[in-house]
Amino acid sequence: MHAWTKCVVGSILVMALAGPAGRVWAGPLDGSRPFVCAVTAIMECAATGLCERHVADDPTAPALLKVDVPGQTVTTGTARTSAIKSVTHLDGQLILQGAENGRGWSATIDETTGGMAVAIVESDYTFSFFGAC
C-alpha cells in the first residue's frame, strides 16, 4: 500500500463501517446511541481498474470504529474523527454519508445483523471496507 494511501485509509476508515461477520457490540444499530464496528477487509481500487485486497490487521489501519450518530461523528481507535453529514433509514438499513479532504463516503449498516459495507470515493481511487457492528 502506498504511503499516501495508508494516510487516506487511516483518515477514511473513520467513515468506514463494517460487514457481515457477526455483532461486535450488542446494542441497537439504528443510530439511537453510539456503537462500535470492526473492519475485517479493505479493497483499494485505482482508476486503472487495478484492485488490491487488504486485511484489517494492517497496523496502519484502525481496526475499530466508534459510530456516534447522535453526535454526528465516526472516530477511529487512533482518535481521527469525521463528521456524519447525512443519516437515512431505509428498509432496515442505517445509511450514513459524509465528505472530507476531497472524498465522499457512504456507509450502510444492517440494523438487525450489523453487517456493514462502506465506500470512499476519490477522483482516481476508491476504497471499500467490510466488517461487523
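**Disulfides and confidence in a predicted model**

C133 has 0% relative accessibility, so C133 counts as buried (under 20% relative accessible area; exposed is over 50%, partly exposed in between; 1.4 Å probe, protein chains only). This is a predicted model: local features need pLDDT of at least 70, side-chain atom pairs count only at pLDDT 80 or more, and totals for chains, interfaces and linings use all residues. Residues are numbered from 1 along each chain as its sequence is written, and side-chain values use heavy atoms, with hydrogens and water left out.

**Disulfides**
- The structure holds two disulfides (pairs of cysteine sulfur atoms within 2.5 Å).
- C37 bonds to C133, with S to S at 2.0 Å.
- This pair links distant parts of the chain, 96 residues apart: C37 lies in strand β1 (residues 35-46), C133 in the segment after β10 (125-132). Strands (E, at least two residues) and helices (H or I, at least four) are DSSP runs, numbered from the N terminus.
- The C37 and C133 link is right-handed, at 95° about the S-S bond.
- C37 is also buried, at 0% relative accessibility.
- C45 bonds to C51, with S to S at 2.1 Å.
- The torsion about the S-S bond of C45 and C51 is about 115°, so this disulfide is right-handed.
- C45 is buried at 16% relative accessibility, whereas C51 is partly exposed at 40%.
- In sequence order, the bonded cysteines pair 1-4, 2-3.

**Confidence**
- The protein chain averages a pLDDT (the predictor's confidence in each residue, from 0 to 100) of 80.
- Of the residues, 74% score at least 70.
- Confidence is lowest in helix α1 (residues 3-12), at a mean of 42, and highest in strand β6 (residues 86-90), at 97.
- Residues 1-25 stay under 50 in pLDDT.

Key:
Contact = heavy atoms within 4.5 Å.
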